[in-house]
Every structure is written in structure tokens, then in C-alpha cells.
Amino acid sequence: METIVTILTNAWSVLVFPGLLFAVVVGLLLAGIDRKILARMQKRKGPPILQPTYDFFKLMGKETIIPHAANRKAFLIAPVLGFVSLVVLMLFIPVFGYSPFSTNGDLIIVLYLLTIPAVALIVGGSASGSPYAGIGISREMVTMMAYELPLVVVLLTVAKKVGGESLVFSLGEIGDWQAANGLLISHWALIPAAIAMLLVIPAEVGTQPFDVAEAETEICEGTLVEYSGAPLAVFKLNTAIKMFVMTSLFTVLFFGGIDTGYIALNAVILVAICSVLTVVCMTLAHAICARLKIEHLFKFYWTVVTALAAISLILVWLGL
């Protein structure tokens, strides 16, 4: 009987909450909020908040056209690979104390899983055989090199702050530490790292002005130029889910001590915080910034953003 209960509990976690269904619904919701708020900032009415959901189902019903020069298997598997990695990633991010799967190396697992959607995008683009996709692939690789360094430094900073003499990579322990010692966002030494993380989020997600790998006005959406139908729908869905994943990760790292004692209420608070973070670090950046050129993006992340994260790491290493 216990085995059946365990199987059903794990199935619920993977398929419903906080896995597949929860990630998809909230991801599409955040994408809709992003588009709606952006339109209002530009004095437009904008699409309904559910427009990304409508677009997803519309694309799922369209014909999938596979280029003659494409590697069929890699072309079709790539978006699914990115999607699966994001759903699995959600299972390691605690919803204010609740996490179906947790290990001592959560942050390391998260870091690895975060690279899979970007790698899947590169694999899919290269499998399409399009020269325009080749341009997008090179840009995506440079973008990954740009934002990975500051992200690693931010994670090391949090791990050092919580661990003291050692490094703590468990997201559960990071949340417990904040419950006992106060939210990390309230520690002044962590403020530069939090700002760096906010700047990493839009590049990791691939939203404007950091969408240089797609840049539809320049290279016809780059890596996605040959995609259509269901595979394109899944890639679009991956971007929406990644919005939720990255804002959730920020929430756990810097607001992880909030816990009402009720999972449902914790989930509502998480979605509310993620909505605010989406507007702050993605919608505002889209509204006020022109698209960055790839060389400017690389320089910005390896200098300004990495420097912010490094300042916090040094301060934490000094015991401040």
C-alpha cells in the first residue's frame, strides 16, 4: 500500500504540482502578463493575458514542416528535450518549503538542468540545416558564455553565505537558513548579487533586449527559423516556463524563508512574486532598452554583471 501511495505522490508531483501542469499554466500566465504590461507601457491595449495560451494551442494544431536538409530525429527531439529538463527542474525548486525531490547538490543540479534548454535550442537549430539558424546558434553560444559566469558567482555567493565555513548547495537548507536568520535579500552584502541575478534572468530566458540568438527583426528568429507547428509551440512554451523557473529560483535564493504553513497559499505567493519579478527584470527591460548587440551583451555580462556578483562574493567571504 505504501508503494502505491509513493507512486501516486510522485506522479502527482511530476504531472501536476509543482511539475508539468503547474509549470505550464504559470509559465503561460507570466508570458501573458509580460505582453499585457508591455503593451500598457507603450500605450497600447495589448493582447489578453491568455494570448500565449491561445497561441500555444493554435501552433499545436498547425502542420509541422520539416526541412529537406534537416536531421529529422534531432529536429523533433530538441524542443522536447528542453521541455522535459525544465519540468524536472521545477521538481528541485522548493515552493517555500515544499520540494518533491531534494538533494545536497540542488544548486549544481539546477545549474546543469538550466543549460539543457539552451543546448536543445542549439541542437534544434543545427539540425534544421538553415544558414540563418547557424547565425542564431553562434549567438546563443556566446550568450550562454556571457551569462553563465555571473550566474555561477551568484550561486557560490549564496552557498557561502548560508554555509559559513563551507558551501551549502541544498535549496532546502538555504530556505531553512533564511527562515532562521532572515531573508538573504535583507542582508546588504547580498544586494549586488541579487541585482546581478535579476540581470541574468532575461538573458537566461532569452527575452528582449537579450534575445540576440533569435532577433526576429535581424535574422528571422535565428535558431527557430525553420520550426513550425507543434515543435515551435513547445519551444515557445519552453521560454514561458523558463520565465517561471528563473523567477522561482530567484525567489527561493533571496526570499526562501517565507512560509505560511499552507502549500496552496505558498504557491499563490510564489506566483505573485514571480509576476512582479517578470515585470521588473523582463518587461521593463524590453520597454526601455533597445536590443543589445552580441558583442555588447558579452561585454556587459563579463564586466558589469560579473563585477556585481563578485562584490557580494568577496563581502561574504570576508564574513560580512
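The dialogue below takes these features in turn.

Guide: This is a predicted model, in which local features need pLDDT of at least 70 and side-chain atom pairs count only at pLDDT 80 or more, while totals for chains, interfaces and linings use all residues. Residues are numbered from 1 along each chain as its sequence is written, and side-chain values use heavy atoms, with hydrogens and water left out.

Visitor: Which residues have the most contacts inside the largest nonpolar core?

Guide: A nonpolar core is a set of buried Ala, Val, Leu, Ile, Met, Phe, Trp, Tyr and Cys residues joined through side-chain atoms within 4.5 Å. Buried means under 20% relative accessible area, exposed over 50%, and partly exposed in between, with a 1.4 Å probe and protein chains only. Here the largest core has 89 residues, and Ile174, Met197, Leu253, Phe254 and Tyr301 have the most contacts inside it. Its largest share, 16 residues, is supplied by helix α10 (residues 229-255). Helices are DSSP runs (H or I, at least four residues), as are strands (E, at least two), numbered from the N terminus.

Visitor: What does phenylalanine 254 touch?

Guide: Contact means heavy atoms within 4.5 Å. Residues up to four places away in sequence are not counted; the partners of phenylalanine 254 then include Val154, Gln178, Leu183, Ala194 and Met197.

Visitor: How is the length of helix α4 to be judged, and where is its kink?

Guide: In α4 a kink of about 30° lies at alanine 78, shortly before proline 79. Both Ala78 and Pro79 are among the buried residues of this helix.

Visitor: How many aromatic pairs does the whole structure hold?

Guide: Rings of Phe, Tyr and Trp (its six-membered ring) pair if their centres lie within 6.5 Å; planes under 30 degrees apart count as stacked, over 60 as edge-to-face and the rest as tilted. The search finds nine pairs. In one of them, phenylalanine 250 and phenylalanine 255 have ring centres 6.2 Å apart and planes at 50°, so the pair is tilted. Phenylalanine 250 is buried at 2% relative accessibility, whereas phenylalanine 255 is partly exposed at 21%. Phenylalanine 300 and tyrosine 301 form an edge-to-face pair, with 5.3 Å between centres and 80° between planes. Tyrosine 301 is buried at 0%, and phenylalanine 300 is partly exposed at 26%.

Visitor: Over which ring does the charged end of lysine 160 sit?

Guide: A charge sits over a ring if NZ of Lys or CZ of Arg is within 6 Å of the ring centre and within 35 degrees of the ring normal. The charged end of lysine 160 sits over the ring of tryptophan 317, 4.5 Å from its centre.

Visitor: Which peptide bond is cis, and which residue has a positive phi although it is not a glycine?

Guide: Most residues other than glycine have a negative phi, and most peptide bonds are trans. The bond from phenylalanine 17 to proline 18 is cis, with omega near 5°; proline 18 lies in the loop between α1 and α2. Lysine 43 has a positive phi of about 60°. This lysine 43 is in the loop between α2 and α3 and is exposed, with a relative accessible area of 82%.

Conventions. Bend = angle between axes of the 7 residues up to and from the residue.
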